[in-house]
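Hello,

Here is the structure I promised to hand over. Please open it first, then read the notes below it.

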Amino acid sequence: MRRLDRVSKNVLKNALKFTGRLRVVEAPPRRDECDVTYDDDCPPPVGRSYSPGVVIAYPLDQYGVGWGDDDDDHIISAVGIAGDGSGSYRRVGGNGRRRLAACFDPLDGSGNADASICTGTVFGIFDADAAGLGYDNNDRSSRMNGNGENGTADESSYLLSRSVLQPGSELLAAGYCLYSSTTTLVFTLGGGTHGFTLDTTSNEFVLTHPNMKIPKRGNIYSCNESYVDGWDFRFREYLSNIKNGRGETGRRYTQRYIGSMVGDVHRTLMYGGIFCCPADTNVHPDGSLQLVYKSAPMAYVLEHAGGKATDGKIDLLDVRPRDSVHVRSPCFMGSPDDMDELMTYLRRE
């Protein structure tokens, strides 16, 4: 799985670099991963979890040439999106350019690839300056070394990774590409969610699902019940009731869980129901999904298709990542009526 993560990361990194206008930098690893590199032959010890390769590309003409090192494993990419043909948007009433930061999870579900189970790529795009990145000339000058050269790769990686440490409500766009029986691209710019299918004869994505809407209620729940013993008793009660037909609908819900987040969330978007990765007291006290490049972009897609998302207390898109791109959070997302019913349980004392 980890070798496949590196391969997929390199493929995406090279595709971004192929434009000739972008460079990539490494997102700083979590503190508990700074001293060792894990692979298939050397898995993380008990108490440590593996963080996948994450890719960030930034435009050379906006951040200055020479910042960052593009030869490492975990990548974050800040990408400029053309608004006027020049690779940037103009700020309203301002004299600066709007710099955009895009964070990619190159291959979600990579652990399932050998079994031919669906995988996917997730992305989210932020306004880099909204996070206080502030790469002006004075900032760059202050980080020059004594020889007048640019700062270290570690410094630039840290600064650029800050650009995506924003709540999901600040996303400008988000989406995912699902690799399954067809290759499907689903994304939103904040005004509706749309789905495209790859036409293999023309190698183009064709709009096949305009203005997607999640059903108001489904009859499917998706979660890894092997962790049930560590879940909150209120969530366990909710699951017990919907499984046994004691919920608001009176119908028995069925479980569908692939173990590939993009596939599970895509099914939830198409058929309705709920997708859940709660915190558990035994293994994942902060939840199992990374907020910045997994759950927040997917929640943004679902919310703009009429769905809802939460961390169990507040809207998932209002959760602010603390100090790392790899920070995790509990997440619940799905059909609005199912989510409303779930929250009546989670709000109980």
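Strands S12 (residues 220-222) and S14 (residues 274-277) run parallel and are joined by two bridges. Within this pair, Tyr221 stands opposite Ile274 of S14. Please keep in mind that this is a predicted model.

Both strands belong to an open sheet of five strands. The order is S13-S12-S14-S18-S16, and the pairing is mixed. At the edges are S13 (254-255) and S16 (308-310), each of which pairs on one side only. Strands of a sheet pair through backbone hydrogen bonds, either parallel or antiparallel.

Two helices lie across strands of this sheet. Helix H6 (residues 261-271) lies across S12, S14 and S18 (331-334). H6 runs at about 150 degrees to S14. Helix H7 (residues 291-303) lies across S16 and S18, at about 25 degrees to S18.

Next, the aromatic residues. The structure holds six aromatic pairs. Phe187 and Phe196 form a stacked pair, because their ring centres are 5.5 Å apart and their planes are at 5 degrees. Are these two residues buried or exposed? Phe196 is buried, because its relative accessible area is 17%, under the 20% cut-off. Phe187 has 22% relative accessibility, so it counts as partly exposed.

Ring pairs also link a cluster: Trp231, Phe235, Tyr238, Phe332 and Tyr345.

Best wishes

Definitions and conventions. Residues numbered from 1 in each chain as written. Predicted model: local features only at pLDDT ≥ 70, side-chain atom pairs only at ≥ 80, totals over all residues. Heavy atoms only, no water. Pairing = 2+ DSSP bridges. Helix = DSSP H or I, 4+ residues; strand = E, 2+ residues; numbered from the N terminus. Contact = heavy atoms within 4.5 Å. Axes fitted to C-alpha atoms, helices over the stretch in contact; angles between N-to-C directions. Phe/Tyr/Trp six-rings, centres within 6.5 Å; stacked < 30°, edge-to-face > 60°. Buried < 20%, exposed > 50% of the residue type's maximum accessible area, 1.4 Å probe, protein only.
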